[in-house]
Amino acid sequence: MPNNKHSSLISTSNAAWGVSSDDTCCICLDAPETVQHVLYECHYSRKIVQEMAAYLNIHVPDRDGISWIYAQQMSKQEKRIKAGDLKMVYYRIWRQRNEAWLENQLVVPSVVCQMACEEHRRWVVQVLKGLNDQASRKTSR
């Protein structure tokens, strides 16, 4: 399993928590549910990550795309933005996994990707606005 912050914050399966005796992935129903499977191997997740990679105009390997992005030759700011988008996608995938388990519903992968991009873009705008406000305050002193 990749050594990422997000992988240590979530359970490995409902069976591990004692919530269910079935450890099958509630998205694809084809494999045991692990963090590794849900975020990187499940066909649903891979489709979402592929769409996001196409949107970002990058190739993301099957595992740990965030570390891969930080290893690429691009500006620090570009790495942060692209990694932030991918983190948002992983978060959205996990939320969809929870919806599949709790509500027995899944959203089309392209919609999940669109939601992640929109959410991250709103965050970037807020951060940039905050930086501009700070710069304005410093110059007015």
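**View 1. Val112 within helix H7 of the predicted model.** Val112 belongs to helix H7, which covers residues 109-139, and the coordinates shown here come from a predicted model. With a relative accessibility of 0%, Val112 counts as buried, because that class takes in values under 20%. Leaving aside residues up to four places away in sequence, Val112 touches Tyr44, Ile48, Arg92, Gln96 and Val107. A further reference point for this view is Met52, which stands 60 residues from Val112 in sequence, while the C-alpha atoms of Val112 and Met52 are 9.6 Å apart in space.

**View 2. The aromatic pair of Tyr40 and Tyr90.** A pair of aromatic rings is described by the distance of the centres and the angle of the planes. The structure holds one aromatic pair, formed by Tyr40 and Tyr90 in an edge-to-face arrangement, with 5.3 Å from centre to centre and 70° between the planes. Because Tyr40 lies in helix H3 (residues 35-41) and Tyr90 in helix H6, the pair ties together parts that are 50 residues apart in sequence. Tyr40 is buried, its relative accessible area being 3%, and Tyr90 likewise counts as buried, at a relative accessibility of 3%.

**View 3. The second largest pocket and its lining.** Rolling a probe the size of a water molecule over the atoms shows where empty space is left. In the second largest pocket this space comes to about 220 Å³, and the elements that give two or more residues to its lining are helix H6 (76-103) and H7. Helix H7 gives the most to the lining, with six residues. The residues that line this pocket are Gln77, Arg80, Ile81, His120, Trp123, Val124, Val127, Leu128 and Leu131. By class, the lining of the second largest pocket divides into six nonpolar residues, two polar residues and one charged residue.

**View 4. The chain as the setting of the close-up views.** The secondary structure of the chain comes to seven helices and zero strands, so that, read from the N terminus on, its elements run α-α-α-α-α-α-α. Of the 141 residues of the chain, 39% count as buried, and the chain exposes about 8,800 Å², of which carbon and sulfur atoms supply 51%. Among the contacts between residues at least 6 apart in sequence, 54% join residues that are at least 24 apart.

Note on methods:
Residues are numbered from 1 along each chain as its sequence is written. This is a predicted model: local features need pLDDT of at least 70, side-chain atom pairs count only at pLDDT 80 or more; totals for chains, interfaces and linings use all residues. Side-chain values use heavy atoms; hydrogens and water are left out. Helices (H or I, at least four residues) and strands (E, at least two) are DSSP runs, numbered from the N terminus. Buried means under 20% relative accessible area, exposed over 50%, partly exposed in between (1.4 Å probe, protein chains only). Contact means heavy atoms within 4.5 Å. On a 1 Å grid over the protein atoms alone, a cavity is a set of points where a 1.4 Å probe fits but cannot get out, and a pocket is an open set with protein on both sides within 12 Å along at least five of seven lines; lining residues have an atom within 4 Å of a point. Grid points are joined across faces, edges and corners, and a volume is the space filled by probe spheres set on the points. Ala, Val, Leu, Ile, Met, Phe, Trp, Tyr, Cys and Pro count as nonpolar, Asp, Glu, Lys and Arg as charged, and the others, Gly among them, as polar. Accessible areas come from the Shrake-Rupley method with a 1.4 Å probe; for residues, only the protein chains shown count as cover. Rings of Phe, Tyr and Trp (its six-membered ring) pair if their centres lie within 6.5 Å; planes under 30 degrees apart count as stacked, over 60 as edge-to-face and the rest as tilted.
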